[in-house]
Amino acid sequence: MRKLKLYSLLLILALSLVLPTTLAQRKGGAAKPTRAAALMTARRVDTISAAQLQNYLSFIASDEMEGRDTPSRGLDTTAKFIAMNLSRWGFKPAGGDGTFFQRIALRRDQLDGAHSTAEINGQKFNFGDDFLPNAVGATLTGPLVYVGRGWIVQAKNMDDYKGIEVKDKIMVVLGGGLPPGLTQADARANQGQTVANPTLYARAHGAKGILVIPEAGTLLNWEQQRQRVMQPARATVERFQTPAANAPLPMITMSVKMANALFEGEKFDAATIISRGQSSDPVAAFDLNSSKTVNITIAVKPDHPTTQNVVAVWEGGDTVLKNEYVAVGAHYDHIGICAPGTADPICNGADDDGSGTTALLGMAEAISHAKQRPKRSVLFVWHCGEEKGLWGSRYFTDYPTIPLAQIVTQLNIDMIGRSKKDGDTNPRNKDLSGPNQIYVIGSKMMSTELGELTEAVNKSYLNLQFDLRYDDPNDPNRFFFRSDHYNYAKKGIPIVFFFDGVHEDYHRPGDEVQKIDFQKMEKITRTVYMLLWEVANRATRPKVDKQLPAQLM
């Protein structure tokens with residue numbers, strides 16, 4: 001039934017897309033003919049409409065796509081849907097082997113619960129009931145050291161490792177989250193320098209692995225976590241494989257039963273460590289008895305799936321300038337089935353980044369109907385794996401299918417579909433942009449010309465409110481680092497990033513199509529589309545007159 005529903009949905013969409021596009025009409029009668037209006041008509045801007053975007057996004061962010069995790073069948077189906085439309089509209093495939101797909105080989109280790117074991121002083125524990133490991137194959141034995149919460153934060157005078165050595169030992173950590181009083185912004189600041197979390201510290205100082213003492217939140221959600229660890233493990237890109245020094249460490253979350261056994265006969269038992277961990281007098285780090293024997297085996301089954309970027313070119317009309325490209329990009333992946341065992345387990349990612357994925361489709365359809373071609377070629381890239389750490393853009397810029405030196409600008413769209421409503425007092429929506437507003441990041445960081453052109457295009461057409469508050473190398477949110485434009489900028493390509501802001505449904509199941517402001521999406525997509533044309537038709541490429549600030553490298 002599920003397959004039949006999916007195929008039916010695909011068939012209905014394919015048939016509907018064969019029909020002629022209905023162009024959106026402006027209200028208020030005939031407009032005064034202006035150069036801007038003439039250009040918008042010639043470039044078929046009105047092809048980009050709220051109704052068109054809603055149709056595409058309703059498929060891309062449907063439950064049938066299962067949250068578009070990387071890799072997943074939902075992501076693959078979305079890629080085929082994008083490629084089907086590109087083929088209909090006459091785009092040139094620019095992925096590989098004459099297709100729209102730039103294939104990316106992955107490695108994924110799946111936990112093998114039947115062969116994963118744990119034993120402390122001869123007492124055996126069961127996988128799933130007593131311990132939940134990550135999918136890093138290993139056998140852990142050796143001395144143990146308790147390290148508190150395992151953080152170093154110099155700005156807060158926090159150092160849980162004073163007076164102890166972790167090299168060649170198994171670290172035992174209280175809880176898996178942030179210490180009391182530490183914020184996400186604190187944790188992101190200067191990681192590896194003035195801030196170190198347990199994993200960073202363990203890897204840098206030669207620890208063998210990490211055992212985690214559970215706290216109340218972990219125990220309440222134990223069943224969900226059990227289901228999560230049994231899902232396909234996080235994949236890695238084979239070509240990104242890190243040296244042994246940076247390889248992932250085995251990490252095992254213990255049950256209360258297992259934690260009690262671990263601290264039996266020690267100077268503090270597990271209950272004392274947990275209770276004092278919430279107080280102003282936590283238990284200090286100490287070595288466990290050398291006579292204690294621990295033997296833990298994490299068994300994994302290797303898998304080698306693939307994923308893909310979707311890459312297409314609309315060739316320019318100028319015999320010389322068509323060899324240069326204006327790149328537009330979005331990530332078409334999301335985080336998949338994010339809440340297993342709940343009534344709404346799928347994170348559909350309608351805004352993040354179904355909205356950007358859809359905007360690129362809208363622009364691709366519009367440019368295919370334009371009366372003439374832009375002078376430069378336009379490179380459309382739908383990146384996979386952004387949610388895994390900017391995989392798709394890193395892969396494309398490391399292994400490009402067209403010469404990177406020929407890309408004059410990259411325009412990135414990541415979340416443009418949500419609006420803050422009047423009277424919204426939800427603190428999680430405090431930084432969400434309004435219906436006529438969008439955050440613009442990076443437009444002047446490398447090219448003064450590009451920044452000025454971005455503003456001029458906006459003022460000449462729809463005159464949206466550009467909010468530049470995050471266009472700052474010292475932005476504590478580090479938004480510049482957190483989307484695909486970053487990998488292009490690192491290669492010296494000037495970028496502009498369009499973003500609506502974090503909201504209550506960010507990376508939650510509530511990021512669904514019915515909450516999207518399609519009128520806002522239409523306005524932003526049209527604005528980026530017109531910017532694309534202006535960059536493509538300039539006599540010279542935007543001049544890079546500034547290096548990226550050091551803190552952004």
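User: What do buried and exposed mean in this structure?

Analyst: Buried means under 20% relative accessible area, exposed means over 50%, and partly exposed lies in between, with a 1.4 Å probe and protein chains only. The model is predicted, so local features need pLDDT of at least 70 and side-chain atom pairs count only at pLDDT 80 or more, whereas totals for chains, interfaces and linings use all residues. Residues are numbered from 1 along each chain as its sequence is written, and side-chain values use heavy atoms, with hydrogens and water left out.

User: How many residues of strand E18 are buried?

Analyst: Helices (H or I, at least four residues) and strands (E, at least two) are DSSP runs, numbered from the N terminus. In strand E18 (residues 306-314), eight of the nine residues are buried, so the strand is largely enclosed by the rest of the structure.

User: Where are the edges of the six-strand sheet?

Analyst: The open sheet has the strand order E5-E14-E12-E10-E7-E15, with mixed pairing. Strand E5 (131-133) and strand E15 (286-287) stand at the edges with a single partner strand each, so one side of each is left without a neighbour in the sheet. Inside the order, strand E7 (residues 144-146) and strand E10 (residues 170-174) pair in the parallel sense over three bridges; Leu-144 has Ile-170 as its bridge partner.

User: What is the order of the open sheet of three strands?

Analyst: The order is E9-E8-E11, and the pairing is antiparallel. Strand E9 (158-159) and strand E11 (195-196) are the edge strands, each with a single partner, so one side of each lacks a neighbour in the sheet.

User: Are the faces of strand E22 covered or open?

Analyst: Both faces are covered: Gln-437, Tyr-439 and Ile-441 on one side, and Ile-438 and Val-440 on the other, are all buried. That accounts for five of the five residues of E22 (residues 437-441). E22 pairs in the parallel sense with strand E23 (residues 465-467) over three bridges, where Gln-437 has Gln-465 as its bridge partner. The chain crosses from E22 through helix H13 (residues 448-460) to E23 in a right-handed β-α-β crossover. Right-handed means that, with the strands pointing away from the viewer, the path from the first strand over the helix to the second runs clockwise. E22 also pairs with strand E24 (residues 495-499), in the antiparallel sense and over three bridges; Ile-441 stands opposite Phe-497 there.

User: Which residues of H13 are buried?

Analyst: They are Leu-450, Gly-451, Leu-453, Thr-454, Val-457 and Asn-458. Seen down the axis of H13, the buried residues fall within an arc of 165°, so they line one face of the helix; the arc is that of the directions from the helix axis to the C-beta atoms. Contact means heavy atoms within 4.5 Å, and the buried residues of H13 pack against strand E21 (407-413), E23, E24 and H15.

User: Which residues have the most contacts inside the largest nonpolar core?

Analyst: A nonpolar core is a set of buried Ala, Val, Leu, Ile, Met, Phe, Trp, Tyr and Cys residues joined through side-chain atoms within 4.5 Å. The largest has 77 residues, and Phe-91, Phe-380 and Tyr-529 have the most contacts inside it. Helix H15 (residues 518-537) gives the most to this core, with 11 residues. Another core lies apart from it and has 30 residues, among them Leu-379, Phe-396, Ile-402 and Phe-497.

User: Where is Gly-181?

Analyst: Gly-181 is in the loop between E10 and helix H5 (184-188), and at 61% relative accessibility it counts as exposed. Not counting residues up to four places away in sequence, Gly-181 touches Lys-156 and Asp-186.

Key
Two strands pair if DSSP finds at least two bridges between them.
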